[in-house]
Amino acid sequence: MIMNVGQLVVKKMVSLPITSSIREVAQVMRENDVSSVVLTNERGEIVAIVTERDITRAVADGLDYSTPAGKIGKGPVISVDRDLPLFEALELMGEKKIRHLLVKDKDQPLGVVSLREIANTISLMNFADSY
């Protein structure tokens with residue numbers, strides 16, 4: 001069975017303005033139980049992503065929690081079509097050295113999938129195939 005990244009999008013994408021503080025991003029992550037938040041510019045375009053790892057680095061580096069999240073966010077955000085097979089997504093993530101992909105249906109953002117989610121799903125698929 002071939003699975004695609006769109007099948008892994010189970011949570012609503014969470015976004016905030018790029019001017020939001022690191023604290024606001026961390027609070028929204030906790031409230032929505034997500035590991036990343038996409039940042040948007042004044043036109044509503046997705047320009048960066050902040051992950052738990054970015055928050056951890058910011059805290060370790062002693063950044064003030066009121067620092068704009070845009071200072072720690074990574075961009076541009078790599079997006080893929082919902083029909084991209086998991087193995088191709090994994091390959092792309094390795095090539096780009098990233099851990100999160102924005103999944104779109106045509107030009108409409110659906111959500112974000114993480115390397116962990118993809119790897120866990122592939123592992124489960126391989127386990128199921130062995131029986």
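Student: Which residues in α2 do I22, V25, A26 and M29 in α1 meet?

Tutor: This is a predicted model, in which local features need pLDDT of at least 70, side-chain atom pairs count only at pLDDT 80 or more, and totals for chains, interfaces and linings use all residues. Residues are numbered from 1 along each chain as its sequence is written, and side-chain values use heavy atoms, without hydrogens and water. In contact (heavy atoms within 4.5 Å), these α1 residues meet three partners in α2: E52, I55 and A58.

Student: How many residues of the contact of α1 with α2 are charged?

Tutor: Asp, Glu, Lys and Arg count as charged, Ala, Val, Leu, Ile, Met, Phe, Trp, Tyr, Cys and Pro as nonpolar, and the others, Gly among them, as polar. The contact has six nonpolar residues and no polar ones. The number of charged residues is one.

Student: At what angle do the axes of α1 and α2 cross?

Tutor: Helix α1 covers residues 22-32 and helix α2 residues 52-60. Their axes come within 11 Å. The crossing angle is roughly 140°.

Student: Which element gives the largest share of the lining of the largest pocket?

Tutor: The lining of the largest pocket comprises 19 residues, and the closest to its centre are T51, R53, I98, R99 and H100. Strand β3 (46-51), α2 and α4 (115-129) each supply at least two lining residues. The largest share, four residues, comes from α2.

Student: How many residues of the lining of the largest pocket are charged?

Tutor: Six of the lining residues are nonpolar and five are polar. The charged residues number eight.

Technical notes: Axes are lines fitted to C-alpha atoms, for helices over the stretch in contact, and angles run from 0 to 180 degrees between N-to-C directions. On a 1 Å grid over the protein atoms alone, a cavity is a set of points where a 1.4 Å probe fits but cannot get out, and a pocket is an open set with protein on both sides within 12 Å along at least five of seven lines; lining residues have an atom within 4 Å of a point.
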